[in-house]
Amino acid sequence: MSVEFWYLIGTALVFWMQAGFAMVETGFTRAKNAGNIIMKNLMDFCIGTVVFTLLGYTLMMGEDTFFGLIGKPNLDLFTHFKEFIASPEEGFTDASYFVFNLVFCATAATIVSGSMAERTKFSAYCVYSGVISLVIYPIEAHWIWGGGWLSRLGFHDYAGSCAIHMVGGIAALIGAAMLGPRIGKYVRDSSGKVTKVNAIPGHSIPLGALGVFILWLGWYGFNGAAATTPSELSAIFLTTTVAPSVATCTTLIYTWVKNGKPDVSMCLNASLAGLVAVTAGCDAYDALGAAAVGLVSGILVVVVVEVLDLKLHIDDPVGAVGVHCANGIWGTLAVGLFANPDAPAGLSGLLYTGDASLMGLQLLGFVSVAAWAAVTMGAFFGILKKIDFLRADPADELAGLDISEHGLPSAYADFMSAVDKYAEFGTGDQIVAVTGTTPVAEAVPVKREPSFSPDGHKFTKVEIVFKEEKLYALKDAMNKLGITGMTVSHVMGYGMQKGHKEFYRGVAVETDLLPKVQVDIVVSAIPVRDVIETAKKVLYTGHIGDGKIFVYDVENVVKVRTGEEGYDALQDVE
């Protein structure tokens, strides 16, 4: 098998990592955004391909110019295609180099998706992922791999801890900070101080785990595709296996001791963290060095994820900053410490030789590339935020980006989703504005069933059917009213709202079963009118389909355990 053939097989493995990123992000977030996340991971590659073809590739790999800062743009791919695919006497075809660098570029762009998941406008994502692939990644990658100034100095980043993961991680950090947290993630007091941090679990750990295994498999191509000898390739496979394994075991023990039980999602993050960290020096470490890199990664990813969430209150749903930013930095610097002269790269690390020169170069490269990424992405995200183009509307975020951005009722059409996907822990001060013009009587109609003659205390059942995303707001409102017991059912409503049409593969959907919540409340002492008006106030947005309220007279209430009947059966204190 020729070296170039393996080079292209490795390239295909790196492309396959897009599926891994999609599965990790989907599994670590809520089901109501699954379709949106799949769409983002598809489009960042497709949009990235277009812009990288037009300009990005030549900025990265074109003839060096401006003192090693940028490649000279050209149109050789279009104007000299015969030469572009011709086999040279040494090295690979330009077409092979192009596709190889393209799939790496796509990885840098897709990292940002996870930290900004569940509340970013799809249009904004398309724009900023395109900009990353067009300009931001190609320029700094030219410094490292395109013959630019850092490569001339001897900076070492074999497969992208710095050029890809750190850059993507910095963009993820800045984006998440500017975007703000998901609704319900943090509870604040009247002064704006965070008083509680809520966990918002992902909807599918198995999907997340599948993504990690796909990524780990792809990483053998990510790190090993550029290897030119069996010895080099085998050494890279060894370090690419040892580091994430040690990182995962470290996180297993660390979270087990710290929390009393091993954390599944953190261990999945740790596997990726070890892979990210070993990437820069995968050809420069021995087994012991790779293990040391993984050991630090396993602790670092947990600390960064928790500090970001619990202390800095930056909402990163998938841990992208801890995995890619923190461990991209660590992996870049670790080369200066653990590079072994006997490894294929032949570099001299500080801990093996006492020579600090490589460490200085790695530090210079980290600072330079980090500054470029922070300034450019900070400015670009700042512009998007300034023109209100970055964050989805609160109502869209609560309903889920699948339906609001793509007209997709559910990514799991044959499965009933859990009501808990809308657990926003109460709305607090984040009230969703009334955006429609339908009168409240039509949006939330009240229907009363024929009454029966009451005997003694009057019992009334109020049945409320409404949109899922309003459940926790209604629960909180009823609790304040003094109602502490209710029955919640997940039901399906059949019909199509007037003036509202969705399409699937270009075909209009006439009617559909839509998920709803039904809440049943039986009251006696609390006025029924108070319950009705409170529910209408909470549910009303001004659109057809806000909900329906049914009122029934109840002849009797029986508590099964005690045998109590009537008014006594409704009391909480026995």
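Arg152 is exposed, with a relative accessible area of 54% (exposed means over 50%, buried under 20%, partly exposed in between, with a 1.4 Å probe and protein chains only). Welcome to a predicted model, in which local features need pLDDT of at least 70, side-chain atom pairs count only at pLDDT 80 or more, and totals for chains, interfaces and linings use all residues. Residues are numbered from 1 along each chain as its sequence is written, and side-chain values use heavy atoms, leaving out hydrogens and water.

**Salt bridges**

- The structure holds 13 salt bridges, each a side-chain nitrogen of Lys or Arg within 4 Å of a carboxyl oxygen of Asp or Glu.
- One of them joins the side chains of Asp64 and Arg152 (1.9 Å, N to O).
- Asp64 is in strand β1 and Arg152 in helix α7, 88 residues apart; helices (H or I, at least four residues) and strands (E, at least two) are DSSP runs, numbered from the N terminus.
- Asp64 counts as partly exposed because its relative accessibility is 25%.

**Buried pairs**

- Glu118 and Arg182 meet through their side chains in a salt bridge (2.5 Å, N to O), and both residues are buried.
- Asp309 and Lys185 form a salt bridge, with their closest N and O atoms 3.2 Å apart.
- Asp309 lies in helix α12 and Lys185 in the loop between α8 and β3, 124 residues apart; both are buried.

**Around Thr332**

- Thr332 sits in helix α13 (residues 320–338) and counts as buried because its relative accessibility is 0%.
- Beyond neighbours within four places in sequence, Thr332 has contacts (heavy atoms within 4.5 Å) that include Phe155, Ser161 and Gln362.
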